[in-house]
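User: I'm new to this one. Can you walk me through it?

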Amino acid sequence: MHLSPPSSTADKVSRRAAVIGRHLGPSASACGSAPLDLSSCISYVSPDVSEKTVFDPREMRRLMDGHDVEARDWVFRLMEGGALFCPRRRCGNQIFVAPDYNQTMEQQREMTMRRIQFLSEHGVFHGWLTGQGAEMEMRKFALNECVGLYDHSLAIKLGVHFFLWGGALQFFGTKRHHDKWLKDSEDFVIKGCFAMTELGHGSNVRGIETVATYDSRSQEFIINTPCETAQKYWIGGAAKHATHTIIFSQLHINGNSQGVHAFIAQIRDENGNVMPNVRIADCGHKIGLNGVDNGRIWFDNLRVPRENLLNSVADVLSDGQYVSAIKDPDQRFAAFLAPLTSGRVNIAVNAVYVSKMALTITVRYALTRRAFSVTPNGPEVLLLDYPSHQRRLLPLIAKTCAMSSAAYHLKMIYVKRNPDANKLIHIYSSALKAMLTWQNLKTLQECREACGGQGLKSENRVGVLKSEFDVQSTFEGDNNVLMQQVSKALLSVYASAQSKKQQFKGLGLEHMNDSCPVIPENMSSSSLRSTKFQTEIFNLRERGLLHRYANEVSQYQSQGESKESAIILSYQVADELARAFTERIIFQFFAEDDMSTSGPLKDVLGMLRSMYALICIEEDASFLRYGYLSLKNAAAVRKEVTKLCTDLRPHALAVVNSFGIPDSFLSPIAFNWIDANSWSCSNIP
């Protein structure tokens, strides 16, 4: 659709007056327009009827989900049919399931626990801790993603229990821990939490202040909270339900500190009473996630058996001798934390699926909601037929598709991990957790605004999701800190290659070994949409920023700054580099998936890939700031994004349908929002 601007200011004023006149009805007919026919009413036409599809959304869903499609649908149906999941009838016979956020904090917490019990009784968690192999791990990821679409609190509560508590048992523990704890944890006989974060230390795990002192006479560890900043804080599950926890503490033996280690401790008895030498307080009401009982914990000479040390990395013998196969403390600490990346993987993936749900709701609404006409007495225009509305939503769809591809590949890298891949997993999970959660918050905000006033209603979900998922940017690693770790890792690889005069290897930096790409001054439309150009421009930006970052750090060091100070002072280029790295790996994963398809789906994926690449270029000033793109090409990129919006508009519904979100998980504005707001439905809560 083409909407041309008025030819002059006078035309603009006249046209605006005419529009206002039509809204005012017959009394404004002096503006020259015929009176509005007040007897005509807007009618709802389902986009599933009005929109055409040229590819099979089910095929695209199999590509986007990547695995366990049938298992996902099974869990969706399970939740749809359960009374605990608050089914509500709206829009005629349409049933929606969503948490009741009007409940008190205590009620939400209780409902979260009851839903967990329901899912457990129906076998959803079978094998989550006792199963083996990559296939089981992928299934666990998939089902947790489905649960997260229903309620973030439910997914986080499960994530703490299975991925943090359970993951620590699996990876930090040995056979004695597995035999004693895993099966009971899988069956929720034991409810675990994960006491790492403290009031005074979050991202800086090395700095935690809780102390575990070994007593060789009793062969116990004595755990203490020596000061208020050492209290364990934001511990999910601790305030009400958890019976056991993993305590991260500084290990002291005979006056010597061996660094951070993890210990199993019971914090409640079988009747829910807090154990002696343990104090627990509630973190209180939050802006979201009130179905999770976050708590604070203090330890006062709490004794735990020597066998409760999780000892896969290091152990303490009965006489107090400290033993570890990894002699270097830094490497030991890295190995100790490496398995915890599963939490970041989970968060990154869940962020993508929530974006999918918000975009599905918003696009469906935009395909049925009309506003203003462009001709006298003409029909009002669908929101998604306005170029400005397309520009708001279609790039977000492309980014979500690209990030969905990256999330799938991240899961595959994680479940196929080996010790040599620990660094890669840490960097990829840090980068993608930050980028995908930031993008999710941007998507939710844009969708909320694009839904207008309807976006404020809790039942329409989008507005509520903003507060529910805001926490993603800071838990399991503050996003800004994670991106700093990414740029530092890239700097380390760069310095190593330069000092050893070796080629770059790992983290996808092999492109640094090739000659520097040269981007032509004037790019055509077809060139801008080519995988070759998109690959080269992402590579060019990354290699340029990596050189620049290394040089800036070196310059600060030459001025007398320490390496750490030089890195801190170079934070702006570091941030740009981390973004460049992350957007490049997302693009590569998406391009790989694009290459694996054929037919009409490949055509649409090609447009989505191009939209992702070009919108990244347009949104990042570093392409122009450092001369990676000419001014003419920058203007061409902007023009091409507009063309891509036009080209993708006919496929918008099919693409969001391919996200595989069940109708019941959406909201009334995704369907017959007129009927849902009619007088006959006004008494429905």
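User: Let's start with Asn 144. Buried or exposed?
Analyst: This is a predicted model, so read everything below as computed from it. Asn 144 counts as buried, because its relative accessibility is 1% and the cut-off for buried is under 20%.

User: Where does Asn 144 lie?
Analyst: Asn 144 is in helix H6.

User: And which residues is Asn 144 in contact with?
Analyst: Setting aside neighbours within four places in sequence, Asn 144 is in contact with Trp 128, Ala 155, Leu 158, Phe 163, Asn 346 and Asn 350. With Asn 346 there is also a polar contact, side chain to side chain, of 3.2 Å.

User: Switching to aromatics. How many aromatic pairs are there?
Analyst: The count is 26 aromatic pairs. Take Phe 125 and Phe 162 as one of them. Their ring centres are 5.1 Å apart and their planes are at 45 degrees.

User: What about Phe 141 and Phe 163, how are they arranged?
Analyst: They form a stacked pair. The distance is 5.7 Å centre to centre, with 25 degrees between the planes. This pair also links distant parts of the chain: Phe 141 sits in helix H6 and Phe 163 in helix H7, 22 residues apart.

User: Are Phe 141 and Phe 163 buried or exposed?
Analyst: Phe 141 counts as buried at 1% relative accessibility. Phe 163 counts as buried at 4%.

User: Which residues do ring pairs link into a cluster?
Analyst: The cluster holds Phe 125, Trp 128, Phe 141, Phe 162, Phe 163, Phe 188 and Tyr 414.

User: Which charged end sits over the ring of Tyr 414?
Analyst: That of Arg 417, 4.1 Å from the ring centre. Elsewhere, the charged end of Lys 356 sits over the ring of Tyr 353, 4.1 Å from its centre.

User: New topic: strands. How do E14 and E15 run?
Analyst: Antiparallel. Strand E14 (residues 370-373) is joined to strand E15 (residues 380-382) by three bridges. Ala 371 stands opposite Val 381 in E15.

User: What do E14 and E15 form, and what is in the turn?
Analyst: They form a hairpin with six residues between them. Asn 377 is in the turn, with a positive phi of about 60 degrees.

User: What does UniProt list for residues 533-666?
Analyst: An unreviewed UniProt entry lists that span as "domain: Acyl-CoA oxidase C-terminal". In the model, the span is 80% helix and 0% strand. Its end C-alpha atoms lie 38 Å apart.

User: Where is His 547?
Analyst: In helix H16 (residues 531-558). His 547 is partly exposed, because its relative accessible area of 31% falls between the 20% and 50% cut-offs.

User: Which residues does His 547 touch?
Analyst: Tyr 494 and Met 512, not counting residues up to four places away in sequence. With Tyr 494 the side chains make a polar contact of 2.9 Å.

User: And how far is His 547 from Leu 577?
Analyst: C-alpha to C-alpha, 9.7 Å in space. In sequence they are 30 residues apart.

Note on methods:
Residues numbered from 1 in each chain as written. Predicted model: local features only at pLDDT ≥ 70, side-chain atom pairs only at ≥ 80, totals over all residues. Heavy atoms only, no water. Phe/Tyr/Trp six-rings, centres within 6.5 Å; stacked < 30°, edge-to-face > 60°. Helix = DSSP H or I, 4+ residues; strand = E, 2+ residues; numbered from the N terminus. Buried < 20%, exposed > 50% of the residue type's maximum accessible area, 1.4 Å probe, protein only. Lys NZ or Arg CZ within 6 Å of the ring centre and 35° of its normal. UniProt positions renumbered as here; feature names shortened; annotations may be inferred. Pairing = 2+ DSSP bridges. Contact = heavy atoms within 4.5 Å. Polar contact = N/O pair within 3.5 Å; in protein donor to acceptor, adjacent residues only side chain to side chain.
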